Amino acid sequence: MSNRISMIALLTLIAALACTACGSDESEINSGAFEITAALESSPAAVGRNTLMVTLKDSAGAPVEGATLVVDPQMLMHGHGSTEQVVVSEMSAGVYKCTPLTFQMPGMWQVTIDAKKGELTGRKVFSFEVK
Amino acid sequence: MSASAVGVGRLLSWERFAVGFRTAFAAGIGRWDSSAHFARYGDNYAEHAWRSEFWSMVAISERASAYLRLPWALNYKQVGNLGDGAGGGLGDIQAGLRYEAVEIGEFQWFPAIALTLGVSFPSGRATDQAQAHADALGTSVTGRGAWAINAGVSLEKTKIPWFVRVDLGIGVPLPRDTVSGQTLRFGPQLQTALTVGREVLPRVVVSVYGRLQWESAILVAGVAIDNSSRADSGVGAACSWRFDSHWTAQLAIDSSLAFDGLGDNQPAQLTSTIGLRYGYF
Ligand SMILES: [Cu+2]
């Protein structure tokens with residue numbers, strides 16, 4: 001029994017380490033009715049204008065068309081947001097282009113994506129180390 | 001003796017008022033991240049500021065004086081694919097009172113003690129207001145958008161031709177609403193500086209100082225933001241030359257101690273200042 005617990009703890013630890021080591025500059029917190037994934041058009045995040053491609057799926061994995069997305073970049077540890085407003089346009093079913101995602105200074109930025117369609121809402125927060 | 005090249009300083013005992021102009025070039029050299037690791041800016045980023053200030057100080061009693069500082073900044077930034085540009089405007093205006101609780105030489109063994117109480121007005125433009133002005137680089141940002149109350153105590157011991165001064169200050173920013181409607185409160189600040197100076201020639205005073213500053217975490221809707229506390233340290237030197245009984249020229253240089261662990265979540269700068277002061281009596 002205790003062996004199984006140690007094995008689970010070890011696997012959890014490996015999974016946690018693997019996730020930190022995978023080199024992504026994103027850390028994600030997901031909540032709500034949608035599965036929100038996002039990737040920068042060119043990675044890693046750089047100071048200046050970036051473009052974020054967001055994919056929205058429902059709980060069954062089907063693309064969500066015609067949703068309203070609000071994208072809010074914040075440099076929380078400095079107490080300010082971005083100098084430019086992110087404009088969202090749907091490129092294909094469930095695929096949204098968010099630009100300009102402007103990081104006007106280097107450092108840690110949090111990008112909150114709020115998605116809404118009808119009564120359904122979802123939120124996901126991505127973190128980017130901007131260099 | 002120690003008419004300061006940093007801050008407004010004080011009136012000489014025979015002066016009724018003083019006015020001054022100061023202009024400084026602050027070259028951004030890099031930044032400390034929230035783990036206190038220092039990194040120089042890369043080729044894709046630069047920020048420099050040309051900051052100027054008109055100030056005045058007027059005696060309101062034998063021991064008390066009032067001051068006003070009108071800062072102005074011109075910022076230059078280069079931000080990756082946004083290119084570069086300059087902009088600026090009025091900064092956060094400050095006004096306050098200074099009280100000489102113990103004047104220099106009043107007691108032989110006791111240091112002079114001055115107390116200050118001031119307020120900083122959010123007259124500068126905060127970052128979240130830059131968006132409405134189509135300022136993607138953020139060069140028009142000249143303030144933090146919050147009122148702040150500042151209090152300080154300055155202890156100075158003189159033994160001609162030397163002086164030593166310890167300055168301690170606290171700043172308490174008041175809560176403000178962001179453009180997105182949340183209540184944001186910058187953390188209280190604690191500043192301290194130790195200055196040692198000497199009159200090296202008649203009417204020429206040279207001083208060196210070290211300074212430290214801490215700022216506690218930002219609160220958004222009452223919740224502290226992780227890693228948002230700040231720290232900063234620097235050293236500087238100043239020289240003032242009273243070349244006329246009314247006029248003093250001031251020169252100062254200040255550098256952040258741009259090394260790992262000596263700052264936190266803060267930009268580092270190298271600042272050169274020149275100033276001119278007129279005292280009326
Ligand atoms: Cu910032």
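I began with the salt bridges and counted one between chain B and chain A. I take a salt bridge to be a side-chain nitrogen of Lys or Arg within 4 Å of a carboxyl oxygen of Asp or Glu. B:Arg31 forms a salt bridge with A:Glu129, and their closest N and O atoms are 3.8 Å apart.

A note on the source: this is a predicted model, in which local features need pLDDT of at least 70 and side-chain atom pairs count only at pLDDT 80 or more, while totals for chains, interfaces and linings use all residues. Residues are numbered from 1 along each chain as its sequence is written, chains are lettered from A and ligands numbered from 1 in the order in which they are written, and side-chain values use heavy atoms, with hydrogens and water left out.

**The contact**

I looked up which elements of chain B give two or more residues to the side that touches chain A, and found β4 (64–79) and α1 (127–130). Helices (H or I, at least four residues) and strands (E, at least two) are DSSP runs, numbered from the N terminus.

How many residues does each chain bring to the contact? Chain B brings 27 residues and chain A brings 22 residues, where contact means heavy atoms within 4.5 Å.

The two chains bury about 1,800 Å² between them, with 55% of it on carbon and sulfur atoms. Buried area is the accessible area (1.4 Å probe) that two parts lose on being put together, summed over both. In chain B, the residues that lose the most area to chain A are B:Arg31, B:Thr127 and B:Gln131, together 27% of what that side buries.

**Backbone**

I noted a cis peptide bond between A:Ser43 and A:Pro44, with omega about 0°. A:Pro44 lies in the loop between β2 (35–40) and β3 (48–57) of chain A.
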